[in-house]
Amino acid sequence: MSEIRLDGRVAIVTGAGRGLGREHALLLAARGAQVVVNDVGGANAAEASPAQQVVDQIREAGGAAVADDTDVSVAEGAARIVELATSTYGRLDILVNNAGILRDRSFAKMSAEEFEAVMRVHVGGTFWMSKAAWPVMAEQGYGRIINTTSAAGLFGNFGQANYAGAKAGIIGVTKTLAIEGARSGIRVNAIEPGARTRMTENLLGDLADSLDPSLVAPLVLWLSAQECESTGEVYNVGGGRVARVVVAQTPGLFARDLTAEQVRDAWTQINDGSTATVITDFRQELGILTDLLGR
């Protein structure tokens, strides 16, 4: 098997000082990418910042990297990070939007700041970093963007209305950017990782030991590669497993004179997923209804 290489490619990984982002940055650099290691985590008096520690590790292994501590959640910060990549290495090929925070609290008790802070970092960080990278990648006619969603965004989770909402929003951003970037050679996908990190270690229980973050990075490497043409997809990854996440619809109920009583009486049929169809875009969904209306 030939090795996946990123020689000559330039990558930004946000939130890369620890956990998942650190593993992404290390693996991309090991395969030849020049990496901007972004993390807002500060240093204490006794040691370098988390981002600089990752950069030092990459350089010690013979790779190329630069540290950055800019806030990704605002447009100005995102622009500075992209400028650092292009001024240092001359281009930008790969953007891994990994930065995130938690502000868990039950919905009834959640404050405006706890909601807004999570939205700013997750949705804002993904949006503004992609926005800043977009013209560079479009001019090159090439780019790879990997966003980070979560099971909470797909299925919900108690005490995480803010986080779940943000992660669901990232899926919508991913799908849209994949459509808009296709003509410019920009491929955009999202990962739904399961890994032991500072954010999750208290939530995983006995699974924590099996969910090393290094087992997520191989998917990020593949999605970063020129050979990977997939776009607009979401992939679950964790503990050595990788799987495509799909949106599906049941055949449901169709009636030209639809009433609430018909819906009630067909509720089991509407909810029966045994013959559901994977839906890949809104045109396919619309086509199903068009076919029914044309009968």
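Strand β6 and strand β7 (residues 234–238) run parallel and are joined by four bridges; two strands are taken to pair if DSSP finds at least two bridges between them. Across this pairing, Ile-191 stands opposite Tyr-235 in β7. Strand β6 is also joined to strand β5 (residues 143–148), again in parallel, by six bridges, and Asn-147 has Ala-190 of β6 as its bridge partner. Helices (H or I, at least four residues) and strands (E, at least two) are DSSP runs, numbered from the N terminus.

The model is predicted: local features need pLDDT of at least 70 and side-chain atom pairs count only at pLDDT 80 or more, whereas totals for chains, interfaces and linings use all residues. Residues are numbered from 1 along each chain as its sequence is written, and side-chain values use heavy atoms, with hydrogens and water left out.

Eight of the eight residues of β6 (residues 186–193) are buried, so this strand is largely enclosed by the rest of the structure. Buried denotes under 20% relative accessible area, exposed over 50%, and partly exposed the range in between (1.4 Å probe, protein chains only). In a regular strand the side chains alternate between the two faces of the sheet. In β6, Ile-186, Val-188, Ala-190 and Glu-192 point one way, while Arg-187, Asn-189, Ile-191 and Pro-193 point the other way.

In the chain as a whole, the secondary structure comprises eleven helices and ten strands. Buried residues make up 44% of the 295 residues. The C-alpha atoms fill a box of roughly 70 × 45 × 40 Å, taken along the principal axes.
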